[in-house]
Amino acid sequence: METLIINVLLAMMALAVVILARSRNLFAVVVLGGVYSFLMATVLVALDAVDVAMTEAAVGAGISTVLLLGALHLCKSEEAKPIHRPWLPLAVACGTAAVLAYGTLGLPAFSDPQAPIHTHVAPRYLAEALAATGVPNVVTAVLASYRGFDTLGETTVVFTAGAGVIALLRRRKKNGERRPAETDFPGERQP
Amino acid sequence: MNLASHFSYWITLFLMVAGLFIVIARGNLIKKLVGLGIFQTSVYLLYIAPGKLIGGTAPILAEGFKVYSNPLPHVLILTAIVVGVATLALGLALVVRIREAYDTIEEDEILLQDHARETEAPFER
């Protein structure tokens with residue numbers, strides 16, 4: 001039953017992506033992206049990854065969608081018709097898919113308790129985390145205590161990205177308060 | 001091996017390849033970024049699906065539960081989600097700047113403008 005629920009949700013995600021890839025209206029694309037993220041969050045709940053599901057619902061479906069809508073507000077919301085048929089990208093994608101599918105044949109079956117992922121590091125965390133950190137949620141214990149430096153590195157990445165965004169979007173006020181978008185010929189920078 | 005035991009891998013793989021296809025084939029920069037997001041999120045499934053145990057529960061220790069899903073992939077993917085949104089924000093900022101400079105976000109038109117300027121005045125750059 002659990003497997004059936006997971007598989008149906010996964011199939012719905014695949015469907016959302018197919019519609020998204022075919023859609024030419026960017027607003028529809030962004031909304032479908034949000035639908036896809038919420039489906040992903042639901043799948044993650046079904047896969048017992050509740051912390052990840054919460055983050056995905058808040059960050060993936062919430063903040064990402066808001067950022068994309070904000071960018072759409074500043075740009076056109078209709079995608080131009082492609083000049084050429086996408087045969088080459090399709091061939092690249094199918095080739096990659098074939099190689100990856102061949103790779104999956106060597107992977108252990110879904111939810112196999114004897115798979116290496118369940119027999120190596122995880123049992124130690126599950127057995128010792130409560131005594132070592134006093135936190136019953138093992139994900140929190142690993143995130144903040146065992147792998148705290150990872151989280152510090154993550155914060156650095158977010159800081160760098162934020163600094164990059166500010167540097168890119170800062171209004172340059174040179175040449176008599178003219179913004180780059182208002183130059184006479186689009187694409188030409190004032191000397 | 002049967003269909004049910006590897007279905008999650010194949011859907012993951014399909015999402016990954018679909019994201020790759022959108023990134024390569026679509027000329028619109030915002031759509032490319034949405035495709036990149038799909039590519040990224042497919043990796044979440046690749047990590048978390050193998051950590052699930054049917055009949056288990058979320059890795060929050062409590063009396064009366066013995067089987068938990070694997071907590072380590074959850075931690076790694078929590079980091080990946082936040083890094084993913086940072087990438088998206090930076091990409092969108094670049095798109096907005098490109099829109100200001102070229103007045104379009106279609107890759108073909110941007111390349112056309114670049115080409116036109118190079119042939120018009122090749123030495124005035």
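Two residues are taken to be in contact if their C-beta atoms, placed from the backbone, lie within 7 Å. On this basis, in the predicted model described here, the contact between the two chains draws 76 residues from chain B and 85 residues from chain A. On the side of chain B that touches chain A, the elements that give two or more residues are α1, α2, α3 (71–102) and α4 of chain B, and among these α3(B) gives the most, with 25 residues. By class, the residues of this side of chain B comprise 52 nonpolar, 15 polar and nine charged.

Within chain B, the axes of helix α1 (residues 3–25) and helix α2 (residues 29–48) come within 7 Å and cross at roughly 160 degrees. Since angles over 145 degrees count as roughly antiparallel, α1(B) and α2(B) are therefore roughly antiparallel to each other. Their crossing is left-handed. The contact involves, on α1(B), residues including Leu15(B), Met16(B), Leu20(B), Ile22(B) and Val23(B), and on α2(B), residues including Val34(B), Leu36(B), Ile38(B), Phe39(B) and Leu45(B). In total, the contact of α1(B) with α2(B) has 12 nonpolar, five polar and two charged residues.

Helix α4 (residues 107–120) of chain B has 14 residues and reaches 20 Å from its first C-alpha to its last, close to the 20 Å expected at 1.5 Å a residue. This helix, α4(B), is hardly covered, the count of buried residues among its 14 residues being zero, although α4 of chain B is one of the elements that give two or more residues to the side touching chain A.

How values were computed. Residues are numbered from 1 along each chain as its sequence is written. Chains are lettered from A and ligands numbered from 1 in the order in which they are written. This is a predicted model: local features need pLDDT of at least 70, side-chain atom pairs count only at pLDDT 80 or more; totals for chains, interfaces and linings use all residues. Helices (H or I, at least four residues) and strands (E, at least two) are DSSP runs, numbered from the N terminus. The expected span of a helix is 1.5 Å times one less than its number of residues. A residue is buried if 20 or more other C-beta atoms lie within 10 Å of its own, exposed if 12 or fewer, and partly exposed in between; C-beta atoms are placed from the backbone. Axes are lines fitted to C-alpha atoms, for helices over the stretch in contact, and angles run from 0 to 180 degrees between N-to-C directions. Angles under 35 degrees count as roughly parallel, over 145 as roughly antiparallel, 65 to 115 as roughly perpendicular and the rest as oblique. A crossing is left-handed if the near helix is turned anticlockwise from the far one by less than a right angle, and right-handed if clockwise. Ala, Val, Leu, Ile, Met, Phe, Trp, Tyr, Cys and Pro count as nonpolar, Asp, Glu, Lys and Arg as charged, and the others, Gly among them, as polar.
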